[in-house]
Each structure stands twice: as structure tokens, then as C-alpha cells.
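Have a look at the structure first, and then read on.

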Amino acid sequence: MPRLPLRNIETKLQDRDETSIEEGSTMMSNECADRNEMSSKANELPRRITGAPLKVLKQVVVLMTLFCWGQAIVAEEILLISDIHFDPYSGLDRKAFEKLMELPEEEWPDYFRSLQQPTSHYGSDSNYTLFVSSINEAYRRVPDPLFILYPGDFLAHDWQSKYNALAPRTIAEDAEAYRQFTQKALRLIATEFRQVFPEIPVYATLGNDDSYCQDYWIQADGPFLSAFADIWEPTLNETVDRPDFRETFLKWGAYAVNLPGLSDERLIVLNTVLWSGSYCTDYHDPKQQNCCECKPLGNSPGLAQLKWLEKELVAARSRGQKVWLLMHVPPGLDSYVEEENSGRCATAELWNDPFSTGYRDLVDRFRDVLRIAFTGHTHMDDYRVLRVKQQPVLLHKIAPAVSPVFGNNPAFQVYEFDCESSSLTNWKTNILDLKSHGEDARKTEWRSEYDAGHIFGITEVSARSIDPLFVKIRESPSGANAKAYQTFYSASADEIRDNDLMIYVCSVLNSTFLDFSKCLADSGLETPHHVDEPAKIRRSAGGLSAPKN
């Protein structure tokens, strides 16, 4: 059934009295019955959200109830929030940090609030102020999502070196104190999510910065995976099979779950750090920061995860399920315009070849099963369309980050899933525009940035809709779609320059260095400079210096 325009439904609402509303509520369809508690949930605001427009929220609840009763709107909402990179070190000196270390994590929020820290700005990861602001704003925008997707990176960049700079004893001198501090930070993040969204499962994967050892050095079958599983499992709200979850998560940081509220939809969570070209390389070697007998593990854990993915896809096909993928590092390419090299493009493949090739083969074989993939990592509002024989097969939607460390504005997105057509139909992006705050860094006024359906004219979030959109941008680089992409890429912080646009467009549409190079050549640009270390590309693109090991 087509959706009624809002103004028509508002008119109908004015004609209904209290009795008709109550009668309508009892006649709701089965698809909407599980949303009957929305009205009561409007009164259960998180303790930190003050001055919320409760009357407005209740009106929205009634409005949505009537939408459901009349089956005018059958879309469910899903929250996508990523790359918070919580930085508890921010603004602390040694004395303040030692006090933080001594406190149980339950007392961290009061301690951070007592510091009255301004919101993190460009070039910094998320301090407590920004972290809490983001999830409170997400609740304000979408108080009752079906579920939350988090594509990784909970911990700040250079986590280990920042700890060593402030702690009374270094990681090498007291590894246990370091591990306990890291667990406190993770428990704080999990607790904040559960307090704001107590009944909503939060499906998360790990990022390259989520590790005891060092960036990109997460250890399969290691102590970090075990600790994180214990900390994060409660946020899944008993939606996973616990033995299955622990078996695969403790091995690789991967798991699978049937998505609540959606029939025949399954989520497979992957740890694509294991597939990264930077996994356990010398670039981020822990060296003296080695706290957990960290060692290079090669391709073995990644290959085992790839075989498990194939098994899961076979099973999903046999059950008639559609599969969503959640990962951190996306497939394809990461590029950086080297200003010091006359604007030439430096490019690296994000995954090692055995994984990029094997994954592409699986996507081709199971194109009838796969619906979409959500990723993080680059911090930008971006896309990767995996093509097979030049045909678009699977969209990898890259989530914008909360952390503004790469010069982006903090952002999160809300996706709509149409129950009637069983498809993702739209998303809306919300941002914290740090530029507009000026010197008043304590302001945290979020705003709506754009509605994808309105801006890009899409009716489905898939490779079938995004691929032709970027083909159109390539053909009309001065058009409205191109301008929108250039603006929204960094969440309206800094536009992609016109001269660089084709580099980004070719990255979206091509997943191999050969195809990417050809795309640039067809656009009249130079052959890109190939870089073997993708971590170097990402840090350079974000303005970060080389890691301090």
C-alpha cells in the first residue's frame, strides 16, 4: 500500500476523537503489534536527556500508531552509528588521568561532567561530551529503532601510546593495569548505549583500533575478543544464540543473528580487520607496547572466517533468508590526494588479495541472498559498489563517523526498512556542525543534514540504485547529484574539490587497482601511486602522523 502524504494523515488525525484512537489501536495489524509499547516508552527518557519535548514525542507516538493501524506507513527505522573512537585521555594531565584510573567506570560519567569538557573539535577523537551527545541525539531522532548497527572502532586512535604518555606505569611495566583500564572504557560505552536504548539490541563489529595490542593487531582467539564478548553480549538483548555467538566471536570477532522484527532477514557480522592489508604489519608493530604476547597471525584466521561466511550464506539460502553484512574495513580502495606530489592520487587496496578475491566470488555466487553491507573505517559518508563483470551486485554503505578526527563533522544515519516491499528504502543523516559553533565549543546542536530519497531521488538502498547514481555523477560532474555528494561526503565539513571528484567516484565504482586506474585514465587523470600499506593512506588522508610504537 502506498504511503499517504503526511499532510493528509494530519488532516485525518484532526477528525478523530479519543475513542476512535483507542479503537484504532486495538485493530492494528500483526506487523505493527509489537510496536504497541511505543507510547509508554515515550515516558522512559534517559536520565541525561533533559528538557525533551515530551508532548511532541507523545504526539509522534500516536501518529505512528495510527500510521500502523491504517497501514499507511509500514517502514521500520534502523540506527546506524559508527567510529565513535572514545578518547578518555582527552584534556587530561597525569594527575587527572591517574584519578580516572582509580575510579570504577560507574563513576566516570560524573568525573567527566565535573571537568566540563568542551565538545571535541576537528582533528580529535570523541571525548565523553561528544560521545554522550551523539547517542542522546540519536535517541531524540529515533527513540525506538528496531535495532542499532555499529560498524566498529570504539577506541581512540593511538590508544596505547596515549596511555603510555599519561599512566604512572607503561604498558610494558604493568600490562594488567592497562588491560583493566581498556575494559573500563569499553564497559562505559556499553553502559551508555544500554541506558539510552535499554530494550534495543546493538549489533557491533570491531574496528582496527579495537585491540589490546595495537592498531590492526587484534589477536584471533585472544584475550581482547574474550573480554569484549563478555562486555558487549548484554547489549544484544538475548537475540543471539549464546553458544554460537561465543564460539565464533572468540575465534574471530564474528557472529550471525536473525534480525528482530524483520521476517527472513539475517545479519552476519564480520571482522574484516583480519582481511586488511595492514593486518599485523610492521607499520603498527606493538614492539615495547606488547601487552598480550601479540604476534603476527598471517592469513589463517581470515581464511577460516571466509569459510565460515560461505557456510552461513549456504544456510541462509536454504532457509530463504536475505543477508545483511556488517563489517568495519570495506572492500575496494582507499585513496588520498597527495598535495606534496602535485595532487597525484595515492591508492591502496584495503584488503589482501586472497580475501578480496574470495569475497568477490562469494558475493557473485550469493547475489540472490545478499541484501546490503554496512561498513565504517573511512569516517566519511561514502559508498563502495562491488561489481562483477561490470554489473553492480552489492552495495557497501560506509557510515559517517562520530569522531571528527579526520576533519569531518560528527554524524549518524537513520535507515528505513519497508515491511511491505521487504527493502531498505531511504536514509536520513544528522550532523553536529562544528564549524557553526565557532568559539562556543560547548554547544552541541545537532541538525538534519539531508534525506537521501529527497536529494538523490532513490527509492531503494542497494547497488541497483547507487551504481547508476554514481555513473550519472561521473557523466555530469557539475550536476546537482555531484554537488550533493561533494558536500555530504564529510558531513558538510569540507567539500570534495572539483578537480578531485573523479578520484572519489572511481573509488566508489571500482574495487580493484587495475579497474580504478582505468577509470582515472578515462577521466583524463594520471595513473595513481600504488601504496602497499593501506593504514598509511588512511592516516595521511586524515592528517594523522605516523604511529608512535
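This is a predicted model: local features need pLDDT of at least 70, side-chain atom pairs count only at pLDDT 80 or more; totals for chains, interfaces and linings use all residues.

## A helix and its cover

The buried residues of helix α11 are F224, L225, A227, F228, A229, I231 and W232, where buried means under 20% relative accessible area, exposed over 50%, and partly exposed in between (1.4 Å probe, protein chains only). Because 7 of the 10 residues of α11 are buried, this helix is largely enclosed by the rest of the structure. Among the elements that cover those buried residues are α10 (175-196), β3 and α12 (242-252). Helices (H or I, at least four residues) and strands (E, at least two) are DSSP runs, numbered from the N terminus.

Residues are numbered from 1 along each chain as its sequence is written, and side-chain values use heavy atoms, with hydrogens and water left out.

The chain has a mean pLDDT of 86, and 82% of its residues reach 70 or more; pLDDT is the predictor's confidence in each residue, from 0 to 100. Over residues 1-72 pLDDT stays under 50, and there the model has 77 contacts beyond four places in sequence, a contact being heavy atoms within 4.5 Å.

## The disulfides

How many disulfides are there? Taking a disulfide as a pair of cysteine sulfur atoms within 2.5 Å, the count comes to 2.

One of them is formed by C213 and C294, with 1.8 Å between their sulfur atoms. Its torsion about the S-S bond is -85°, and the link is left-handed. C213 sits in the loop between β3 (202-204) and α11 (223-232), and C294 in the loop between β5 (265-269) and α13 (300-319), so the pair ties together parts that are 81 residues apart in sequence. Both C213 and C294 are buried.

C506 is joined to C519 by a disulfide, at 2.0 Å from S to S. Here the torsion about the S-S bond is about -75°, so this disulfide is left-handed. Since C506 belongs to helix α19 (residues 501-509) and C519 to helix α20 (residues 513-522), the pair ties together parts that are 13 residues apart in sequence. C506 and C519 are both buried.

## Other cysteines

C280 takes part in no disulfide; the nearest cysteine sulfur belongs to C213, 7.8 Å away. Is C280 buried or exposed? C280 counts as buried because its relative accessibility is 11%. C419, with a relative accessible area of 22%, is partly exposed.
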